[in-house]
Amino acid sequence: MSVNKRYSATSRLLHWVMALLLISMLFLGLSMVQSLAVWQLEAVALHKSFGFLALVLVIIRLINKALSVAPELPSELPAIQHLAASVTHIGLYAAMILMPLSGWLMQNADGRVVQVFGLFTLPNLLDANIKYFAFFREMHGIVAWVFLAMIFMHISAALYHGLIKQDGVISTMLRAKK
């Protein structure tokens, strides 16, 4: 990589905190739909709370992204890889917004409220409606699977750049400036 730039400390912190949070949320969500265990009610409550936290964090992350300068990809990278990186990043951000919003709307359409860590209740954005519930439930599930695929692509690309190409791309998110 010709330019020795790194993401800001704030960008790196938000990236890694959200990566941990979102991957945990996706796997918790997948386990909840397959289980009727006694822990499910508590898991759903935590899932809703952390989902709202993820929505707040992605908004903060988008503001941070607008105020920060991201390192450029290496100029020798083929145009198709530049395009793939851009499309994947847009898809990841779209999923980070669509997941919590579809979950919130799904709960509203089912006549349920979304309490955040027992501290406050989010406003209902929809009246209860079984058709809307079915739509947002399906949307939430589809976006989750697409999100998992994009995360896999993102991690695979990072590992490819870090382990095979060794072009410095991965270090922009791993280390502070020297």
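Let's start with the secondary structure: this protein has five helices and two strands. Keep in mind that we are looking at a predicted model. If you walk along the sequence, the elements come in the pattern α-α-α-β-β-α-α.

Now the overall dimensions. The C-alpha trace spans about 55 × 30 × 30 Å along its principal axes. The protein has 178 residues, and 35% of them count as buried.

Next, let's turn to the surface. Its accessible area comes to about 11,100 Å², and carbon and sulfur atoms account for 70% of that. As for charges, there are 13 positive and 7 negative ones, and their mean positions lie 9 Å apart.

Here is the part I'd like you to find on the screen. Which residues form a nonpolar patch on the surface? They are Ile23, Phe27, Ile155, Leu159, Tyr160, Leu163 and Ile164, and together they have about 670 Å² of accessible area. Two helices, H1 (9-33) and H4 (130-165), each supply at least two residues of this patch. The largest share comes from H4, with five residues.

Why does isoleucine 23 count as partly exposed? Its relative accessibility is 30%, and the partly exposed class runs between the buried limit of 20% and the exposed limit of 50%. So isoleucine 23, at 30%, counts as partly exposed.

Technical notes:
Residues are numbered from 1 along each chain as its sequence is written. This is a predicted model: local features need pLDDT of at least 70, side-chain atom pairs count only at pLDDT 80 or more; totals for chains, interfaces and linings use all residues. Side-chain values use heavy atoms; hydrogens and water are left out. Patches are made of residues with over 30% relative accessible area and no salt bridge: like charges are joined within 9 Å, nonpolar side chains (Val, Leu, Ile, Met, Phe, Trp, Tyr) within 5 Å. Accessible areas come from the Shrake-Rupley method with a 1.4 Å probe; for residues, only the protein chains shown count as cover. A salt bridge is a side-chain nitrogen of Lys or Arg within 4 Å of a carboxyl oxygen of Asp or Glu. Helices (H or I, at least four residues) and strands (E, at least two) are DSSP runs, numbered from the N terminus. Buried means under 20% relative accessible area, exposed over 50%, partly exposed in between (1.4 Å probe, protein chains only). Lys and Arg count as positive and Asp and Glu as negative; His and the chain ends are not counted. The place of a charge is taken as NZ of Lys, CZ of Arg, CG of Asp or CD of Glu.
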